[in-house]
Amino acid sequence: MAADETVAAELELMRAMFSEEELQVNEAARLVCCLLQPRMGGEAASRHVQAWLQIELPPSYPAEAPLVTLQRTRGLIHREESRLLCAVRACAEERHGECCVHNLVES
């Protein structure tokens with residue numbers, strides 16, 4: 001399967017897994033944005049924590065690791081944002097050479 005077809009299949013899988021409110025895909029710009037929120041109800045304060053993970057797929061993806069940033073964070077202090085971003089970037093490096101958008105969102 002060609003790289004473009006592999007990326008298209010990966011993005012189609014992501015669309016099937018997430019709602020339109022949780023996932024925004026701009027195939028022309030090769031950008032994927034996914035809403036990250038805690039899965040457990042937990043404390044009332046943790047229910048108001050969220051961030052958008054922006055994943056930029058370089059032209060040679062998956063051979064080249066995607067670029068990841070956090071956008072529109074809410075309820076996170078700088079240290080927590082940094083820790084989250086480090087975990088996602090580490091996952092991107094571990095999966096270097098593989099399709100990994102889903103893994104990045106789950107990390």
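Tutor: Let us begin with a definition: two residues are in contact when heavy atoms lie within 4.5 Å. In this predicted model, among contacts of the protein chain between residues at least 6 apart in sequence, 44% join residues at least 24 apart.

Student: What makes up the protein chain, and in which order do the elements run?

Tutor: The protein chain has three helices and four strands. Read from the N terminus, the elements follow the order α-β-β-β-β-α-α.

Student: Why are β1 and β4 called edge strands?

Tutor: The four strands form an open sheet in the order β1-β2-β3-β4, with antiparallel pairing. The strands β1 (23-26) and β4 (67-74) each pair on one side only, which is what makes them the edges. From one strand to the next, the twist averages 15 degrees.

Student: How do you know that β1 and β2 pair?

Tutor: Pairing requires at least two bridges between the strands. β1 and β2 have four bridges, in the antiparallel sense, and therefore they count as paired. V25 stands opposite V32 in β2. In the hairpin of these two strands, four residues lie between them, and R30 takes a positive phi near 60 degrees.

Student: What joins β3 to its partners β2 and β4?

Tutor: Six bridges join β2 to β3, which run antiparallel, with L35 opposite W52 in β3. β3 (residues 50-56) and β4 also pair in the antiparallel sense over six bridges, and Q50 stands opposite R74 in β4.

Student: Why is β2 described as mostly covered?

Tutor: A residue is buried when its relative accessible area is under 20%. Five of the six residues of β2 are buried, and the strand is described as mostly covered on that count. For the protein chain of 107 residues, 31% count as buried.

Student: What shows that helix α2 packs on the sheet?

Tutor: Helix α2 (residues 78-94) touches β2 (31-36), β3 and β4. Its direction makes about 150 degrees with that of β4.

Student: How do you know that the span of α2 agrees with its number of residues?

Tutor: The expected span is 1.5 Å times one less than the number of residues. For the 17 residues of α2 this gives 24 Å, and the end C-alpha atoms are 24 Å apart, so the two values agree.

Student: Why are the buried residues of α2 said to line one face?

Tutor: The buried residues of α2 are L85, V88, C91 and A92. Seen down the axis of α2, they fall within an arc of 120 degrees, so they line one face of the helix. In general, an α-helix has 3.6 residues a turn, so residues three or four places apart point the same way.

Student: What covers that buried side of α2, and which residues does the opposite face carry?

Tutor: The cover over the buried residues of α2 includes β3, β4 and α3 (101-106). The face turned away from the buried side carries R79, R83, C86, E93 and E94. These residues are called exposed because that term applies to a relative accessible area over 50%.

Note on methods: Residues are numbered from 1 along each chain as its sequence is written. This is a predicted model: local features need pLDDT of at least 70, side-chain atom pairs count only at pLDDT 80 or more; totals for chains, interfaces and linings use all residues. Side-chain values use heavy atoms; hydrogens and water are left out. Axes are lines fitted to C-alpha atoms, for helices over the stretch in contact, and angles run from 0 to 180 degrees between N-to-C directions. Buried means under 20% relative accessible area, exposed over 50%, partly exposed in between (1.4 Å probe, protein chains only). The arc is that of the directions from the helix axis to the C-beta atoms.
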